[in-house]
Amino acid sequence: QLQLVESGGGLVPPGATLRLSCTASGFTMDYYGIGWFRQAPGKEREGVSCIRSSDGSTYYGDSVKGRFTISRDNAKNTIYLHMTSLKPEDTAVYYCAAGSPFGTVQNMCVSYRNFDYWGQGTQVTVSA
């Protein structure tokens, strides 16, 4: 059974750092595009960062560029999202997703509809 499990969320003050993890079971991430999406109350799910495992290409949304870093550990079948300089507007439920890669990693990341498999989400709250 294909499964994605996120962890690492929490309540942190502005300026803090968090690392989210997404571990896959039932499939190998090597052949998929993996994305981190987030959804705040009343807002649409947005692509935060994506990585195409086959060539390591990455994409970052404008709001997180320079602050967030996506990385992978193939041996652990795990993708990470390292988040620094967190802001209150980063508050959301963060989801990990996997999908068959197509086009560029940016093409994939522009819409959550391009991903077939989802984790349950982890809450990130940035507040003083």
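What radius of gyration would a compact globule of 128 residues have, and what does the chain have? A compact globule would have a value near 14 Å, and the chain has 13 Å, which agrees.

**View 1. The whole chain in a predicted model.** The C-alpha atoms fill a box of roughly 40 × 25 × 25 Å along the principal axes. The secondary structure consists of 1 helix and 11 strands. In sequence order the pattern is β-β-β-β-β-β-β-β-β-α-β-β. Of the contacts between residues at least 6 apart in sequence, 59% join residues at least 24 apart.

**View 2. The disulfide of C22 and C96.** The sulfur atoms of C22 and C96 are 1.9 Å apart. C22 belongs to strand β3 (residues 18-25) and C96 to strand β9 (residues 92-99), so the pair ties together parts 74 residues apart in sequence. The torsion about the S-S bond is about -70°, so this disulfide is left-handed. C22 is buried, because its relative accessible area is 0%, under the 20% cut-off. C96 is also buried, at 0%.

**View 3. The disulfide of C50 and C109.** Here the S to S distance is 2.1 Å. C50 sits in strand β5 (residues 46-52) and C109 in helix α1 (residues 105-109), so the link ties together parts 59 residues apart in sequence. With 80° about the S-S bond, the link of C50 and C109 is right-handed. Both C50 and C109 are buried.

**View 4. The surface and charges of the chain.** The chain exposes about 6,300 Å², and carbon and sulfur atoms supply 47% of that area. Buried residues make up 45% of the 128 residues. There are 11 positive and 10 negative side chains, and the centres of the two sets lie 3 Å apart.

Terms used:
Residues are numbered from 1 along each chain as its sequence is written. This is a predicted model: local features need pLDDT of at least 70, side-chain atom pairs count only at pLDDT 80 or more; totals for chains, interfaces and linings use all residues. Side-chain values use heavy atoms; hydrogens and water are left out. Helices (H or I, at least four residues) and strands (E, at least two) are DSSP runs, numbered from the N terminus. The radius of gyration is taken over C-alpha atoms; the globule rule is 2.2 Å times the number of residues to the power 0.38. Buried means under 20% relative accessible area, exposed over 50%, partly exposed in between (1.4 Å probe, protein chains only). Contact means heavy atoms within 4.5 Å. Accessible areas come from the Shrake-Rupley method with a 1.4 Å probe; for residues, only the protein chains shown count as cover. Lys and Arg count as positive and Asp and Glu as negative; His and the chain ends are not counted. The place of a charge is taken as NZ of Lys, CZ of Arg, CG of Asp or CD of Glu. A disulfide is a pair of cysteine sulfur atoms within 2.5 Å.
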